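Here is a short report on a protein model. Keep the sequence and the 3D view open while you read.

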Amino acid sequence: NSIYSFAGGYPSAETFPLEEIRQTMSEVIDKYGGKAFQYGATQGVPELREAVAARYSVPMDRVQITSSSQQGIDVCTRVLVDPGDVVLTSNPSYLGAIQSFCSYRADIRGVAHVADLAGFRKAYEDVIAAVKSEGKKIKFLYMIPDFQNPSGETLTLEERRMLVTLAQENDFLIVEDSPYRELRYEGEHVPTMYSLDPDRVIHLGSFSKIFAPGFRLGWAIAHPDILDKIYVCKQSLDLCPPIFDQYVAAEFLSSGRLDTNLLKSVDLYKGKRDLMLSLLEEHMPVEVRWTRPEGGLFLFLTLPEGFDAVAFYEKALAAGVAYVAGEFFHPDRSGKNTMRLNFSFMSHERISEGIRLMAELLHSEIC
């Protein structure tokens with residue numbers, strides 16, 4: 001492909017352990033026979049639920065397997081939100097979640113991140129007060145606390161505690177979406193929001209970024225009463241997650257192969273992130289700023305006020321480079337001068353060539 005694409009959220013195919021997957025698939029067929037290709041329980045096969053429960057140190061009755069974490073987002077919205085109910089989220093936030101909220105006619109309120117803790121709390125308190133004054137109900141807060149898509153930023157423990165406290169004080173749930181959590185390249189792991197209040201937080205995870213997205217597997221960890229509602233909803237959606245894929249994931253996880261492969265993935269992505277950060281530092285106009293994520297797959301560029309990343313896209317694409325305009329991640333369609341760049345998918349060589357080309361285009365546009 002001649003396009004240097006920083007647009008997608010694809011993991012690198014180099015991280016897919018093809019030989020180990022081939023071996024695991026054979027083991028699953030030998031071990032389970034035709035059972036691996038039959039219908040299964042809506043909650044997920046016990047072997048995978050047990051493996052996920054052990055990994056997160058939670059009881060098995062708190063684990064529901066989903067067909068990707070995207071389904072987890074959608075099912076949570078379907079069972080919790082009535083038209084007109086408010087969903088709080090960060091501004092910017094994950095586009096796939098915003099689309100799901102819109103499809104169920106939720107009233108989405110995005111809250112911009114404020115760096116100091118007092119300002120952070122006040123920003124959320126102001127939005128909560130405004131919702132209450134309108135007589136509306138907040139159903140949940142949707143948050144990607146680790147290496148957020150699109151910004152790449154991570155919430156501190158203090159920020160997580162504050163959001164959980166606000167949820168407790170104002171009686172709404174939290175949907176914690178964590179597909180990137182295990183892709184940390186530096187710094188210390190921060191406790192999950194789920195660990196701060198297991199009865200109020202629904203924790204969503206995914207095998208897409210740590211194993212292979214083609215398996216379409218994720219999980220939800222939550223209070224059993226909440227999972228009961230998700231269970232009923234999922235029955236009408238797909239009856240059960242893919243059975244063969246679940247057995248493969250269970251074997252891969254319990255055998256330790258996933259963790260061995262994850263170490264290689266983290267090493268690969270760290271190198272790509274470091275390369276992109278150094279190239280941005282070297283080539284970008286001084287007016288451009290960007291996030292420095294400690295993990296995940298993305299970083300976020302902020303360009304001078306007045307820059308229109310949507311309008312600039314056609315020019316960039318014609319020149320051979322692609323990105324996602326940041327406006328699409330903002331529920332209020334602000335952020336017109338921002339863009340998301342992915343560093344996981346392309347090779348080191350193509351990242352280098354693509355960033356140099358992007359920088360040239362931005363120099364001519366800004367300067």
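## Pockets

The lining of the largest pocket divides into 13 nonpolar, 13 polar and four charged residues. This is a predicted model. The largest pocket is lined by 30 residues. Nearest its centre lie Asn 91, Pro 92, His 113, Glu 153 and Phe 300. Helix 5 (117–133), strand 9 (289–290) and strand 10 (298–302) each supply at least two lining residues.

The second largest pocket is lined by 24 residues. Gln 70, Tyr 94, Asn 149, Tyr 180 and Lys 209 lie nearest its centre. Two or more of the lining residues come from helix 3 (69–80), and two or more from helix 4 (95–103). The table sets out both pockets.

| Pocket | Volume | Lining by class |
|---|---|---|
| Largest pocket | about 610 Å³ | 13 nonpolar, 13 polar, four charged residues |
| Second largest pocket | about 440 Å³ | eleven nonpolar, nine polar, four charged residues |

## The nonpolar core

Now the core. The largest nonpolar core has 118 residues. Phe 207 and Leu 341 have the most contacts inside it. Helix 10 (residues 257–283) gives the largest share of this core, ten residues.

Which residues are in contact with Phe 207, leaving aside its neighbours within four places in sequence? They are Leu 48, Val 52, Ala 212, Leu 217, Gly 218, Trp 219, Ala 249, Leu 253 and Leu 258. Two of these contacts, Leu 48 and Val 52, are buried residues of helix 2 (residues 46–56).

## Helix 2 and the strand pair

Helix 2 also has Arg 49, Ala 51 and Ala 53 among its buried residues. What do the buried residues of helix 2 pack against? They pack against strand 2, strand 8 and helix 9 (243–254). After helix 2 comes Ser 57. The phi of Ser 57 is positive, near 55°.

Strand 2 covers residues 63–66. Val 63 and Ile 65 point one way from strand 2. Gln 64 and Thr 66 point the other way. All four are buried, so each has under 20% relative accessible area. Strand 2 pairs with strand 8 (residues 218–221) in the antiparallel sense, over four bridges.

Strand 12 joins strand 13 through two bridges, and the two run antiparallel. Ala 325 has Met 339, in strand 13, as its bridge partner.

## Ser 334

Ser 334 sits in the loop between strand 12 (324–325) and strand 13 (338–342). Is Ser 334 buried, exposed or partly exposed? Its relative accessibility is 26%, so Ser 334 counts as partly exposed. The cut-offs put buried under 20% and exposed over 50%.

Leaving aside its neighbours within four places in sequence, Ser 334 is in contact with Asn 91 and Glu 327. Asn 91 is also one of the residues nearest the centre of the largest pocket. Ile 366 lies 32 residues from Ser 334 along the chain. Their C-alpha atoms are separated by 20 Å.

Key: Residues are numbered from 1 along each chain as its sequence is written. This is a predicted model: local features need pLDDT of at least 70, side-chain atom pairs count only at pLDDT 80 or more; totals for chains, interfaces and linings use all residues. Side-chain values use heavy atoms; hydrogens and water are left out. Buried means under 20% relative accessible area, exposed over 50%, partly exposed in between (1.4 Å probe, protein chains only). Two strands pair if DSSP finds at least two bridges between them. Contact means heavy atoms within 4.5 Å. A nonpolar core is a set of buried Ala, Val, Leu, Ile, Met, Phe, Trp, Tyr and Cys residues joined through side-chain atoms within 4.5 Å. On a 1 Å grid over the protein atoms alone, a cavity is a set of points where a 1.4 Å probe fits but cannot get out, and a pocket is an open set with protein on both sides within 12 Å along at least five of seven lines; lining residues have an atom within 4 Å of a point. Grid points are joined across faces, edges and corners, and a volume is the space filled by probe spheres set on the points. Ala, Val, Leu, Ile, Met, Phe, Trp, Tyr, Cys and Pro count as nonpolar, Asp, Glu, Lys and Arg as charged, and the others, Gly among them, as polar.
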